[in-house]
Amino acid sequence: MQAKKRYFILLSAGSCLALLFYFGGLQFRASRSHSRREEHSGRNGLHHPSPDHFWPRFPDALRPFVPWDQLENEDSSVHVSPRQKREANSSIYKGKKCRMESCFDFTLCKKNGFKVYVYPQQKGEKIAESYQNILAAIEGSRFYTSDPSQACLFVLSLDTLDRDQLSPQYVHNLRSKVQSLHLWNNGRNHLIFNLYSGTWPDYTEDVGFDIGQAMLAKASISTENFRPNFDVSIPLFSKDHPRTGGERGFLKFNTIPPLRKYMLVFKGKRYLTGIGSDTRNALYHVHNGEDVVLLTTCKHGKDWQKHKDSRCDRDNTEYEKYDYREMLHNATFCLVPRGRRLGSFRFLEALQAACVPVMLSNGWELPFSEVINWNQAAVIGDERLLLQIPSTIRSIHQDKILALRQQTQFLWEAYFSSVEKIVLTTLEIIQDRIFKHISRNSLIWNKHPGGLFVLPQYSSYLGDFPYYYANLGLKPPSKFTAVIHAVTPLVSQSQPVLKLLVAAAKSQYCAQIIVLWNCDKPLPAKHRWPATSVPVIVIEGESKVDFAFTVWQSFPERIVGYPARSHFWDNSKERWGYTSKWTNDYSMVLTGAALYHKYYHYLYTHYLPASLKNMVDQLANCEDILMNFLVSAVTKLPPIKVTQKKQYKETMMGQTSRASRWADPDHFAQRQSCMNTFASWFGYMPLIHSQMRLDPVLFKDQVSILRKKYRDIERL
Amino acid sequence: MCASVKYSIRGPALIPRMKTKHRAYYITLFSVVLLGLIATGMFQFWPHSIESSGDWSVEKRSVRDVPVVRLPADSPVPERGDLSCRMHTCFDVYRCGFNPRNKIKVYIYPLKKYVGEAGVPVSSTISREYNELLTAISDSDYYTDDITRACLFVPSIDLLNQNSLRVKETAQALAQLSRWDRGTNHLLFNMLPGGPPDYNTALDVPRDRALLAGGGFSTWTYRQGYDVSIPVYSPLSAEVDLPEKGPGPRRYFLLSSQVALHPEYREDLAALQARHGEAVLVLDKCSNLSEGVPAARRRCHKQQAFDYPQVLQEATFCMVLRGARLGQAVLSDVLRAGCVPVIIADSYVLPFSEVLDWKRASVVVPEEKMSDVYSILQSIPRRQIEEMQRQKWGSVSNPLFLPLIPPQSQGFTAIVLTYDRVESLFRVITEVSKVPSLSKLLVVWNNQNKNPPEDSLWPKIRVPLKVVRTAENKLSNRFFPYDEIETEAVLAIDDDIIMLTSDELQFGYEVWREFPDRLVGYPGRLHLWDHEMNKWKYESEWTNEVSMVLTGAAFYHKYFNYLYTYKMPGDIKNWVDAHMNCEDIAMNFLVANVTGKAVIKVTPRKKFKCPECTAIDGLSLDQTHMVERSECINKFASVFGTMPLKVVEHRADPVLYKDDFPEKLKSFPNIGSL
């Protein structure tokens, strides 16, 4: 009923407004309740509606706001051509008005795509660890080029992270150093990373040198200084933030009801005077010592005793009583008030701890705000309404809290948990701006598995990825796999089958071809099989693949396969171990005869770094392990093993030489070392164990075989 | 200063009713503007639904009767718009005092006719569109006629079209509004900003701190998080009824329908058409129109004439090129016709871009790439185009969307629903208590006429055992989110399920950990479409497929208890309690509907109550029972409006189940085959 009305309104409203409803943000109450009328009739005494103030409904036949010929005449009377207008814009809008259109040279990205050049590091130039990590992340990414003539974007090897003059990390003479770079070109197509700018007492957002037309990837940036769709707001991260991998989110399970011991917590420094001190100075008004625990300390800096106010001693005692981590992990909401600067470490800490951040930092452009919808993961408060914060968050529905909390975890793991993710997110945002018509939409950025794992170059259609079937209301299509079924009476010669195979391999939707050889004739000799660009798997017997395929349709984002392998932590050697023994659990399935989404081929080729792919190519081994690593890193889930024939028999075309390699003792050692190399590139061990296998519903049941759909499997 | 005010009171019957679609348009427009304004604030948690209180009426007045206000030439002019304004600097939140029951209140200034010193009006009094917009606001729940309670103020001075007003005098009129205060919390609406020769992209009327809902902002004039970009209203498509058209290929691939284009664009378009022939249609003004046809409704290609906006429905993609202004009314026409807009207007801030994902409904092409537009559009997959044409997405939003595998350490809570079968209940308790991951056992005592056995008689088990007594003998009691459930995993088990082994239950819990958002259960069932009867049918025979698991023995997330108890649609809960049946089917529907996922059946077991029982448990064989269960499925499918159950062909077994491998090395050796 409600939906019906909704569509009615949409149709009749008939404009782009229609799109809004898909966001669900807007609610139309269908009932024609007359609350307003009641309001009017019930309003006696207190307020008399004066007819003078009430908006009447003018029944007159009024004129439209625009005469029908106005636009036509105006538009054709313009003298400036669109090209001139563009040129004029790009010459006017510089500096604080920079936009991609006016300050970025798109032509540099045309030929080689989105390539990023990092200036060579100068001898004697000190670079702090955080910036080293940023540079390493870029150099290890698929965007990196060492050739400036190929580059679309340039990154300095001068440490620009800390521009606080009082800081020991501060790099002097940056202005002249930057100007002397011969590729500088007044900062055009340059990206400058910065975490801290300005210093006591006013903490300006000026980085202390002329950045020309360069883009800023800056923490704590204010909306006033932020140049939309040009700068990138990044989170403030500590020097201990890991380069790759990073800690998992703290949330291990969803609790119902989603409330934790504390409703709202904060623990941090208090600045008694000066910029940004008001907010934290006022926190004690809201602190109740029970479920709202907001603690501040005055004890920081050299001579805090001199400036302390009457509250300091009491505050400091309270402050000591609580353990920060304990609070963080046991609170539903975490207050993130501004410090001297707009951003604070509390933000990422809260995000990781699955504590929904309550922002109290007016004018802070939130990290990656261009793509992340923070309303799904945080409460954006107003410093001026501090006293209303408790009642606001108490009024938030539990379902909303459950969703907010899960979203903090998704965002943390997708974009924030390591320096590499922060850097890659920054680069991907810029890439999306440059190639606008092949960029990620808001759904991709804000839903699992997130923008870094979903490459829009693969397809602009969400249904081509294995992650959005539910969002689109689609079923996983069955056309991704070509299954060639060869049955006895039909196959007198193998030629038609081979022709079909060639034809199928040409289809753009064909990721792989499975030939089910189910006839009396022997398989054609190896050299007679045509060369195809897609993997061909020949399996004798029928139903196994059919069954695996139906399983895959239920889990299209995972690998579904037969022989399984496992990993374990080898304590004595302090490294990861690989086992092919029969175990009660597994974390990989061999991809020789596995079903997985075609997209993973693309991701394997385009997401993984050349170093890993080269290793695999040189060893002619481990590609299946790498694929398992990749898919589990994306899905955060184990693969799926289905019933397997014990006398597992398969021929992998073009890989027959491989069978002999299994006997090779080096082979096993190689796989072991592959695992450790992969784990170190990922920065953590993405593989996850599973203890179950999926069998047909009636598998091995004591019921007539005629009742069973997958009879072949029974014979295993 | 004021002319006499006259009231012309008419009966409601005489009032021409506003066309519903116009009203809906403006109600929507306004609510989105509010949504855009509050998207960044704490206000997001304020209830913001909008109500139109349809058919009520007050006294009506004519615009002819509005008072006249004469503005002295030297009356103050506000400062120009402050580009650095943001909600936290220029907006007074204190006027919007927080109150959970209260909504943001909007006040509309009474309509007046402003004239300059010479008596010349500063603008047309009010246009049809602005009147409708203000009426929509006054009809909404946000409206207040009490200026002291207002959070937002909307002047009734019509600023929609800058062309039809005098800039300085209009500004003076704004400045003398009773609560102007530098424009703080004042919301202005404008669709056509700027004027010749530069056509600025924001309203030129000096407006100080006022918020602007404007059509045609560029990135340089738009104050993100303060202004709201709105579409330019097009009377053309609003007046013509266009039939709904499904997605799919259309006669023309690309259509340009705008008549007033710069010659430079005309050249580009002509080149496109020359290169791609029939697929591209470029329309222009008609040179020789027959009498009586409004020129705006006809477009021509050479001698061939087309009806506008109907012709938009013949094309897959429709160009929306910038003109003198960035915002173009044709965008509204194009969207309304279900044509995918190709927006070519650099630096244009698309309408409602802060809440709308334009990438899902349009193609934005840089002006410089206009000559490549055809190949760019060609590279879009067909199904993506259909998706954009549809402009809507059937979305399932799983409340447990984060991929998580909960740690084993937490364990699960078993809930046994019982009435009076104490002996069997005690057996179940004893069996279940052997499962290593059991952390608590909850007995829901559903018998109001009999007390549960004394404490001393209950089996002694290693985990806490709690008995909950219910007020009424309802099946729904099994799914109540009891506070005593401290784990996320719940095992619902009937008091006669004595056959499940500890290995089977422990394994079921391990499988649940891998699928915490699904029902993971033992007895599987199936729904089928009965072609003869033309309705759904319940199936419990040996099938190769499952679409439900019975909650007589199933693991699931505690959240679903909460959903079942508080969010079950329609009268399903009452139906279940009245029929004393089908609570499990209802739970299967609920979970499948909210997650879009199938159930997981674990282990091969078919017998649950006794070794001698038939494979399908006794009760289920009863024919009337089957009929009733089928009825439930049909009833629930009609309440849900869809069949959410998903059919699968697999069940979960331990990795080494039936493998030729020493039993003692298997984690779960004791998996019954019956």
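This is a predicted model: local features need pLDDT of at least 70, side-chain atom pairs count only at pLDDT 80 or more; totals for chains, interfaces and linings use all residues.
Residues are numbered from 1 along each chain as its sequence is written, and chains are lettered from A and ligands numbered from 1 in the order in which they are written.

Chain A contains 25 helices and 24 strands, taken as DSSP runs numbered from the N terminus (helices: H or I, at least four residues; strands: E, at least two). Of its 716 residues, 58% are buried, where buried denotes under 20% relative accessible area, exposed over 50%, and partly exposed in between (1.4 Å probe, protein chains only). Among contacts in chain A (heavy atoms within 4.5 Å) between residues at least 6 apart in sequence, 72% join residues at least 24 apart. The chain exposes about 30,000 Å², of which carbon and sulfur atoms supply 52%; accessible areas were computed by the Shrake-Rupley method with a 1.4 Å probe, and for residues only the protein chains shown count as cover.

Axes are lines fitted to C-alpha atoms, for helices over the stretch in contact, and angles run from 0 to 180 degrees between N-to-C directions. Buried residues of α6(A) include A:Tyr131, A:Ile134, A:Leu135 and A:Ile138. Their cover includes β2, β3, β4, β6 and α15 (419-434) of chain A.

Elsewhere in chain A, five of the seven residues of strand β19 (residues 564-570) are buried, so this strand is largely enclosed by the rest of the structure. Strand β19(A) runs antiparallel to β20 (residues 575-579) of chain A, with five bridges between them, and A:Phe568 has A:Gly577 as its bridge partner in β20(A). The hairpin of these two strands has four residues between them, and A:Glu574 takes a positive phi near 55°. Two bridges also join β19(A) to the antiparallel strand β21 (residues 588-589) of chain A, where A:Arg565 is partnered by A:Met588.

In chain B, helices α12 (residues 558-567) and α14 (residues 583-595) pack at an angle of about 105°, with axes 10 Å apart. The two helices α12(B) and α14(B) are therefore roughly perpendicular, a term applied from 65 to 115 degrees. Their contact involves residues including B:Phe560, B:Leu563 and B:Tyr564 of α12(B) and B:Met587, B:Leu590 and B:Val594 of α14(B). By class, this contact has eight nonpolar, two polar and two charged residues; Ala, Val, Leu, Ile, Met, Phe, Trp, Tyr, Cys and Pro count as nonpolar, Asp, Glu, Lys and Arg as charged, and the others, Gly among them, as polar.

B:Thr501 lies in the loop between β20 (489-494) and α11 (502-514) of chain B. This residue, B:Thr501, counts as buried at 13% relative accessibility. Neighbours within four places in sequence aside, B:Thr501 is in contact with B:Arg605 and B:Asn670.

Note on methods. Side-chain values use heavy atoms; hydrogens and water are left out. Angles under 35 degrees count as roughly parallel, over 145 as roughly antiparallel, 65 to 115 as roughly perpendicular and the rest as oblique. Two strands pair if DSSP finds at least two bridges between them.
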